[in-house]
Amino acid sequence: MRSEILRKLVSVICLTLIVFIAAGFAVAAESPAKQADRLYDAAKTSYESGNLAQAISLMQQSVALEKTLKRNSALVRSQSALATIFVSSHQSDDARKTYEEALATARQHQLVDDVLSITISLGSLSLQQGHLAEAKKYYEQALADAKVNGLAAITANALINLSVVERSQNNLKAAMNYLKEALSLTEQSGSDSELGRLYMEIGRVQADLGSVSEASESYAKAKERFNQDFDTASEGKALMAAGQLLSSKSRYDEAMTQLQEALKTLAQEDIQSKLLSVDCRTSIAAVLTAQGKTDESRKILSDALSSAQALKSADRTREVLSELGYVLLVSGNVEQALDKYLTAQELLNKESSQASTIKAVLLTDLAMCYKALGQLDLAIKNYEQAYSILSTSSDVRAKALAANNLAVAYLDSGKLAEFNKVFAEASALLASINDKKGQAVLVYNLGQSKLFAGKSQEAIADYQSALNLIRGADKALEGQALRGLGLAYLLSAQPDNAIKSYKEALNLADAGATEARWDCQLGLGKAYKALGQTDAALDALRQAVDMAEQERGQLSRDTFKTFNLDLRQDCFYELVDLLVQQNKAEEALEVAERSRARAFTDLLAARQDAHKLNSAGGEESLNSQALPAEFSHLSQEYATTSTVAAKALSIGELKQQAVAHQAVCLEYYSLPDKLLVWLIDPIGSVRLLPPQTVSQKQLRSSVVELYNLLIAQPRTLEEIKKSGQLRQAKLKQMHKLLLGGAEPVLTTAKQVVVIPHGPLFLVPFAALMNAQGKFLVENCTLSVIPAISVLQATAKWQDASLRDNTLLAFGNPKTEIFAGLGSLPYAEKEVVKTAELFGANNATTRLGVDATRATFMQVAPKTSVIHMACHGIINEEQPTLSGLVLAKDGKDNGFMTVKDILNLPPLKSRLIVLSACQTGRGKITGDGVIGLSRAFIAAGTPSVIVSHWNVDDVIAEFQMEVFYKALLAGKGKAASLREAQLKTISSMEGSMADTSSPTFIRANPRYWAAFQLIGEAR
């Protein structure tokens, strides 16, 4: 198995933990002494058959009867056996209490052998729980007493167990000294079984010392002794130990030979052999995984899992699940790995007493998954728990690695003070033991921290030191050090050296190690690009992009897909930039599209498939795309799933969308150092406008500055004047930056589809002002979409939408859950007026306390237009917690979140209007804005009108009336919104004097430009 800690603990075999064998029966009417014996035998039978609950009950009856009989030796026997069964049932507290009772009985009646055996059993229990100091105390006490009483077998047993403690603390010389002393005693009078166990421990210490041949010889001696004793189970263990040792040294063929022989040896019908065969198959799978044969490994683990479950062995089931999680993790299936680890954790949590080391290892596995999936807060939480558990352990290496893992997570999240503190602790711990691998990990992470601080030259030295420490000993860590070295060389302007490091790392990376191979291809692409080797750079970057796409296709949770897209953006940036430099504008656009809104298009494709199935009479509905039952243990953040990986559009298909919609498409792409804009005209011609030299940081700063100006509320006339002048200057500046190259086309365009990127989702494009002082909305009709591929998907919703003019309108829902949210009286008027336009027979309205979620869910799927005039709550950090505030209804608090929207029955509305505050806001990612508009489009509507900022009640009422009149008159959705905005501008400016003056301040967009159409414009 993977965990060295677990291997050490599992290796503990105590002579006093007697194996009992099987099947209960009723106790006949006979003498009390015979009844006690029969109860004891029945408990043994139940124990070995695996019926632990029955074994405990019967043995408790035996103990109770022995107490009345006052057969002291028999009472100790039953108490010790009961404690052993408690150990197997993972009821450690009950086991300890029962052992202590047995020990007290044995001492009271001077049963020396029993006292010593029970003392050793208590030591083994402490060792199993990770309490090494306590275990050592018990073993030393047993050793001293055994020597005084001249009990050679118990003396040897205590020595062996003391060696296990020392080995767990990496004190290998002390461990070997104990074993040599035990061997000299056991060789004189010990049984084959005792010698076999001793050779097993000697082999383990020799393996830890790196003496592979000596360890193999010891395991062979152990096997022979067990064979002489006809102990096939222990013989199988010896063969497994040899196989695991050879596997750890990358001698996979030899390892497989030993493990296959072990599997044959364990082909017995007894319970113990069957359980050990599960362990053996798990070890075989680990060898296959190390060879990169993950498909074969998963098949064997699947069989092992079935066996463990059939044997009703919860701990074996958990161990196989953990190993399966590891196989999935190293093969790049991180989300599936997470599911296995979470299930294993559920099993561990059901155990009445959990082994702390096992729990810490599992928490670390979970943290690795969460970290890989971008959930850093959850990763840190799990690392902190593991660190807390192991902080009291006597296992120095385990404590050091737990501290190191936590330190790295702190570094990744930018918590430098926390990193420095915990990293110093990890360094001090590892300095106290001779652990080359641990030291290499620490030096590597020190390099990471220096790279993070911009000290690339210093980082090179650390990465090289880590590489020297680990070279040839651990392939994965060696590759990691080489990749770190490659990046440091890149940042130090040494591309030649970077190429050497990345190539060496790539040769070490297993086929399934997606992240490692992606790092290498990206690094090679950057290095070749820096050297001007264009063809090599293009080849490497295209491979990196393909890997990113493949990796995303293995995920199902929307949250994880979105993070993955952000995590892998760098390869898309580099490839797009290089293609632009090579004047390959169309391929650059195609790659840019592959990097945006892919999780959204996956979600849409999956839900459209479900929609078709539902329409055809299938039982599945769009609800099936919500969290599956097996993921119920996950938090709300993972509420949306999609197993579909939608195909990216080709350049021909991208052009076709512009032609089909008869629109000018403006697609933006913000690179680290420049802004790109592609223009696709209604006949499908693609043109890349001259790149704008503006960094991502500068662009974001400019957009935020403009946004703050637009939502500002100056109080005095002087402030209003200054604010207006500055606002118009910024609007003109932003127009020139974003639209300057496209202006000749925009003056004649009928329909413009804007595809923003990054912070540009915050820009109200309708309000951008040209040099002549005209707003963009005065020249053309506008709509916004996160990607052209989404435009194609929303067209499918458009085709499936209801064609009638039916309305569901909510106004001013009564709420109690959010303090400070005032009443919206104009929202009620807005809803009433809108309903009058549709007509009483076509409109369903709900106001105040009647505007409940239950009504919405009932009526919304049957309505073609939905209008929500209410409060909106936006959570940009956890966008699935954003939502609309509806009325309370019994236990339902009325807050309809993004998660709730995604769980709605299939919507068929052609338009949803969210006449609420900031409904267009959300978490901005490479996938677009994660928020309400995205949720409603995914739920089945092709078009959503949202607000950029808090809307003015009075003007919103006016705009909605104009909008719906135009819509019901047959105008398109985007055209109707444009008409509402133009009439608002005209109304605001109609009474103003001297509108032709160059210094005239035009209508403030804060009042008229809040609303924006997302999706289908027609």
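Helix H40 (932-939) gives the most to the lining of the largest cavity, with three residues. Helices here are DSSP runs of H or I with at least four residues, strands are runs of E with at least two, and both are numbered from the N terminus. Strand S13 (922-925), strand S15 (943-947) and strand S16 (1011-1015) also each supply at least two residues of that lining.

Before going further, a word on the source: this is a predicted model, where local features need pLDDT of at least 70, side-chain atom pairs count only at pLDDT 80 or more, and totals for chains, interfaces and linings use all residues. Residues are numbered from 1 along each chain as its sequence is written, and side-chain values use heavy atoms, with hydrogens and water left out.

**The cavities**

A cavity is a set of points, on a 1 Å grid over the protein atoms alone, where a 1.4 Å probe fits but cannot get out, and its lining residues have an atom within 4 Å of a point. Grid points are joined across faces, edges and corners, and the volume is the space filled by probe spheres set on them. By this rule there are eight cavities of 30 Å³ or more.

For the second largest cavity, 16 residues make up the lining, with Ala-766, Leu-782, Gln-981, Phe-1011 and Gln-1012 closest to the centre. Strand S5 (781-784), helix H42 (973-989) and S16 each supply at least two residues there, and H42 has the largest share, four residues.

The table sets out volumes and lining classes; Ala, Val, Leu, Ile, Met, Phe, Trp, Tyr, Cys and Pro count as nonpolar, Asp, Glu, Lys and Arg as charged, and the others, Gly among them, as polar.

| Cavity | Volume | Lining by class |
|---|---|---|
| Second largest cavity | about 140 Å³ | 11 nonpolar, four polar, one charged residue |

**Aromatic rings**

Searching the whole structure turns up 10 aromatic pairs. Rings of Phe, Tyr and Trp (its six-membered ring) pair if their centres lie within 6.5 Å; planes under 30 degrees apart are stacked, over 60 edge-to-face, and the rest tilted. Tyr-668 and Phe-765 make a tilted pair, 5.7 Å centre to centre with 45 degrees between the planes. Tyr-668 lies in strand S1 (residues 664-670) and Phe-765 in the loop between strand S4 (751-755) and S5, so this pair ties together parts 97 residues apart in sequence. Both residues are buried, that is, under 20% relative accessible area with a 1.4 Å probe and protein chains only, while exposed means over 50% and partly exposed is in between.

Phe-838 and Tyr-964 pair edge-to-face, at 5.7 Å and 70 degrees. Phe-838 sits in helix H37 (residues 825-838) and Tyr-964 in helix H41 (residues 953-968), 126 residues apart, and both are buried. Elsewhere, ring pairs join Tyr-573, Tyr-669 and Trp-678 into a cluster.

**Two loop residues**

Most residues other than glycine have a negative phi. Phe-230, though, has a positive phi near 55 degrees; its place is the loop between helix H11 (212-228) and helix H12 (232-248). Phe-230 counts as exposed because its relative accessibility is 75%. Lys-312 also has a positive phi near 55 degrees, in the loop between helix H15 (294-310) and helix H16 (314-330). At 77% relative accessibility, Lys-312 is exposed.

Technical notes:
On a 1 Å grid over the protein atoms alone, a cavity is a set of points where a 1.4 Å probe fits but cannot get out, and a pocket is an open set with protein on both sides within 12 Å along at least five of seven lines; lining residues have an atom within 4 Å of a point.
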